Amino acid sequence: MPSPELMSILDQVLEGFTMDTIDDSIEKLRFFFPETLLLAALDLIDRDSVILYKSPWGRPQYEVLGSTATYAVFPGLPSPGGYKLAYCTCPAYAYSVLLSETQIMCKHVLATLLAQRLSRCIERPVTADELASILSRQCKV
């Protein structure tokens, strides 16, 4: 688990990520992520792969269309350290972030966070039944 100080700095970099600061912000993100992960996340955004489902009660639900499957991403989860955590259902998150702790997050989480900042999420309103179907599909093992 990364230190709260490191996550606080990363949160500040992500908060400053806008179209006006994109070059400088990408340079700063290189400190936190390998080039391949950063480019993969930006590629997901370019391919419009970050989907934001807006539920009838206002709770956002994110999906990222990966190269082999679709993954649920849960950004902005509270942590004991006070910074925001995120979770993804992809195997890379389970291995690289949770088991081996070699990464702070996977490309799907990073793509979601950056797409939020750049207003590049594909928004889709859903009914309660459609959201239940989406969540059911995401939870299948």
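Colleague: Start with Leu-29. Which residues does Leu-29 touch, not counting residues up to four places away in sequence?

Modeller: Leu-10, Val-13, Leu-14, Phe-17, Leu-38 and Leu-114. Contact here means heavy atoms within 4.5 Å. A caution on the source: this is a predicted model, where local features need pLDDT of at least 70 and side-chain atom pairs count only at pLDDT 80 or more, while totals for chains, interfaces and linings use all residues. Residues are numbered from 1 along each chain as its sequence is written, and side-chain values use heavy atoms, with hydrogens and water left out.

Colleague: Fine. Which residues touch the most other members of the largest nonpolar core?

Modeller: Leu-29 is one of them, along with Leu-10, Phe-33, Val-109 and Leu-110. That core has 38 residues. A nonpolar core is a set of buried Ala, Val, Leu, Ile, Met, Phe, Trp, Tyr and Cys residues joined through side-chain atoms within 4.5 Å. Buried means under 20% relative accessible area, exposed over 50%, and partly exposed in between, with a 1.4 Å probe and protein chains only.

Colleague: Which element gives the largest share of this core?

Modeller: Helix 5, residues 107–118, with seven residues. Helices are DSSP runs of H or I with at least four residues, strands are runs of E with at least two, and both are numbered from the N terminus.

Colleague: New topic: helix 3 and helix 5. At roughly what angle do their axes cross?

Modeller: Roughly 55 degrees, with the axes coming within 8 Å. Helix 3 is residues 35–46. Axes are lines fitted to C-alpha atoms, for helices over the stretch in contact, and angles run from 0 to 180 degrees between N-to-C directions. The two helices are therefore oblique to each other. Under 35 degrees counts as roughly parallel, over 145 as roughly antiparallel, 65 to 115 as roughly perpendicular, and the rest as oblique.

Colleague: Which residues meet there?

Modeller: From helix 3, they include Leu-38, Ala-41 and Ile-45. From helix 5, they include Leu-110, Ala-111 and Leu-114.

Colleague: Now helix 4. Which of its residues are buried?

Modeller: Tyr-93, Ser-96 and Val-97, in a helix running over residues 91–99. They cover an arc of only 100 degrees around the axis, so they sit on the same side of helix 4. The arc is that of the directions from the helix axis to the C-beta atoms. These buried residues pack against strand 4 (84–88) and helix 5. On the other side, Pro-91, Tyr-95 and Leu-99 are exposed.

Colleague: Where does Asp-48 lie?

Modeller: In the loop between helix 3 and strand 1 (50–54). Asp-48 also has a positive phi, about 55 degrees, without being a glycine. Asp-48 is partly exposed, at 38% relative accessibility.
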